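User: I would like to learn how to read features of a protein model. May we work through one together?

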Amino acid sequence: MYRNHLKCRACGSNELEPVMNLGIQPLANDFVTVHDDQAGFAPLKVLFCPRCTLAQLSVVVDPKILYANYSYVTSPTVKMKNHFDRLFDDLGVNECRSIVEVGSNDGRLLKQWSDRKPDLRVMGIDPAKNLCELANAKGVTTFCGAMTSPTATAVRTVISPDLVIARHCFCHADDWRE
C-alpha cells in the first residue's frame, strides 16, 4: 500500500530528519461514511532535509490506491477564482498559446483560463480517473495518469505547451526527477 521514502526528493540526501509524527492516518481525502471501509492507512510523518531544507512526507502511497476515487476537487469559491485570475496575470497566460497543468484535478483552473482566453489550448494531466471524467465533461481535455516520461511524451504529441504549471501536486509524487 505504501513504501518508505528514504532519500530527499529534491537533492537525494539520505540524511532526512524527523520533524513531526502524526501517527497512522487515513489516506488523503479518503472521506467515507460510517458504514464504508477506508481505502487504507499510512504513517503521516514529516521529514526535513538539512542539505536543501525541503520538508517532505516519509512515505509514498501506491497511486492506484490513493487516486482510485479521489474526492478532493478544486474549490469553487470567489477567493479561488480571484487567485486563478491573479495567476493568469502573474504568469503571463495572455501571451501563451497553450498550457498543460500537471495535477489538474477537476480542470477548474484550465476551464477558467480558457473561458478568459478562448483561443488558449489547454490540457490537464491527473492520476484520478473520477476527476479526469469531471474535467473532460467541462470541456477540458485531460490525460488520465501520473506525470511520467511516457505521459509527457504522449501529451507532447497532442499539445506543445508554452507553459507547464504544477500546483499542489508534489507531496504525493514519488520520483521528481522522473
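User: Which backbone oxygen does the side chain of Ser 114 reach?

Analyst: Please keep in mind that this model is predicted. The side chain of Ser 114 reaches the backbone oxygen of Lys 111, at 3.1 Å. Ser 114 itself lies in helix α3, which spans residues 108-116. Leaving aside residues up to four places away in sequence, Ser 114 touches Leu 120 and Val 122.

User: Is Ser 114 buried or exposed?

Analyst: Ser 114 has a relative accessible area of 17%. Buried means under 20%, so Ser 114 is buried.

User: How many disulfides are there, and why?

Analyst: A disulfide is a covalent bond between the sulfur atoms of two cysteines. Here the count is 0. The cut-off is 2.5 Å between the sulfur atoms. For Cys 52, the closest cysteine sulfur belongs to Cys 8, at 3.5 Å, which is too far for a bond. For Cys 132, the closest is that of Cys 144, at 3.4 Å, again too far. Cys 132 is buried, at 3% relative accessibility, whereas Cys 52 is partly exposed, at 30%.

User: What is the order of the strands in the open sheet of 4 strands?

Analyst: Strands of a sheet pair through backbone hydrogen bonds, either parallel or antiparallel. In this sheet the order is β8-β7-β6-β9, and the pairing is parallel. Strands β8 (142-144) and β9 (163-166) each have a single partner strand, so they stand at the edges.

User: How many bridges join β7 and β8?

Analyst: Strand β7, residues 121-126, pairs with β8 over 3 bridges. Asp 126 has Cys 144 in β8 as its bridge partner. Helix α4 (residues 129-137) packs on the sheet and touches β7 and β8.

Conventions. Residues numbered from 1 in each chain as written. Predicted model: local features only at pLDDT ≥ 70, side-chain atom pairs only at ≥ 80, totals over all residues. Heavy atoms only, no water. Helix = DSSP H or I, 4+ residues; strand = E, 2+ residues; numbered from the N terminus. Buried < 20%, exposed > 50% of the residue type's maximum accessible area, 1.4 Å probe, protein only. Polar contact = N/O pair within 3.5 Å; in protein donor to acceptor, adjacent residues only side chain to side chain. Contact = heavy atoms within 4.5 Å. Pairing = 2+ DSSP bridges. Axes fitted to C-alpha atoms, helices over the stretch in contact; angles between N-to-C directions.
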